[in-house]
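Biologist: Please take me through this model one feature at a time, with the general idea ahead of the case.

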Amino acid sequence: GLFFPQAFFTAVLQNFARAHKFAIDRIEFDVEVRDDCKADGSDLMVPPLAGCYIRGLFLEGCRWDNQFHALGISAPKALFVQLPPVLFKPELDWKGKSGVYACPIYKVLSRKGTLSTTGHSTNFVRDMGL
């Protein structure tokens, strides 16, 4: 696991910005759920050209539908399910996709944290469009 995932994501954006000589505040992540891969990502042998793969994320109260490549209704008695590996791709002037759910990512299941000096929760990491 990551101790400070917010810093990791910032570092990924910063590496992309420096490599392409973009201002970091013009870059945002697009996400691609790699449902064509194993859940543990063991068959992802080549790193992405830009961005990073994240594995080990779980969904609560829904599931990832590999057939429709979208969120679906959870299976009976399955409150938590593992999300396939996700590619976080830095994009310049990314405005997001329409009709997607801004799925929040939290460090721990409880979804609660304390407000830090930045005014953000210490548990909230970021949103990803699913």
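Modeller: Start with L79, which is partly exposed at a relative accessible area of 47%. Buried means under 20% relative accessible area, exposed means over 50%, and partly exposed is in between, with a 1.4 Å probe and protein chains only. This is a predicted model, where local features need pLDDT of at least 70 and side-chain atom pairs count only at pLDDT 80 or more, while totals for chains, interfaces and linings use all residues. Residues are numbered from 1 along each chain as its sequence is written, and side-chain values use heavy atoms, with hydrogens and water left out.

Biologist: How do I read a helix, and how many residues does α1 have?

Modeller: An α-helix has 3.6 residues a turn, so residues three or four places apart point the same way. Helix α1 covers residues 5-20, which is 16 residues, and its first and last C-alpha are 23 Å apart, close to the 22 Å expected at 1.5 Å a residue. The expected span is 1.5 Å times one less than the number of residues.

Biologist: Which residues of α1 are buried, and which are exposed on the face turned away from them?

Modeller: The buried ones in α1 are P5, Q6, F9, V12, L13, F16 and A17. They lie on the same side of α1 because their arc around the axis is only 130 degrees, the arc being that of the directions from the helix axis to the C-beta atoms. The face turned away carries exposed N15, R18 and A19. Just after α1, K21 has a positive phi of about 60 degrees.

Biologist: How should I read charged pairs, and how many salt bridges does the structure hold?

Modeller: Side chains of opposite charge can pair when their charged atoms come close. The cut-off for a salt bridge is a side-chain nitrogen of Lys or Arg within 4 Å of a carboxyl oxygen of Asp or Glu. The structure holds eight. In one of them R126 pairs with E28, and the closest N and O atoms are 2.3 Å apart. R126 belongs to strand β9 and E28 to strand β1, so this pair ties together parts 98 residues apart in sequence. R126 is buried at 15% relative accessibility, whereas E28 is partly exposed at 30%.

Biologist: Which strands does the salt bridge between D30 and K89 link?

Modeller: The D30 and K89 side chains meet at 3.7 Å, N to O. D30 is in strand β1 and K89 in strand β7, 59 residues apart. D30 is buried at 9%, and K89 is partly exposed at 23%. R34 also forms a salt bridge, with D36, at 3.0 Å between the closest N and O atoms. R34 is buried at 15%, but D36 is exposed at 54%. Through shared partners, salt bridges join D30, E32, R34, D36, K89 and K97 into one network.

Biologist: Which residue other than glycine has a phi near 65 degrees?

Modeller: K77 has that positive value. K77 lies in the loop between β5 and β6 and is exposed, with a relative accessible area of 89%. D93, also not a glycine, has a positive phi of about 55 degrees. The loop between β7 and β8 (102-106) holds D93, which is partly exposed at 37%.

Notes
Helix = DSSP H or I, 4+ residues; strand = E, 2+ residues; numbered from the N terminus.
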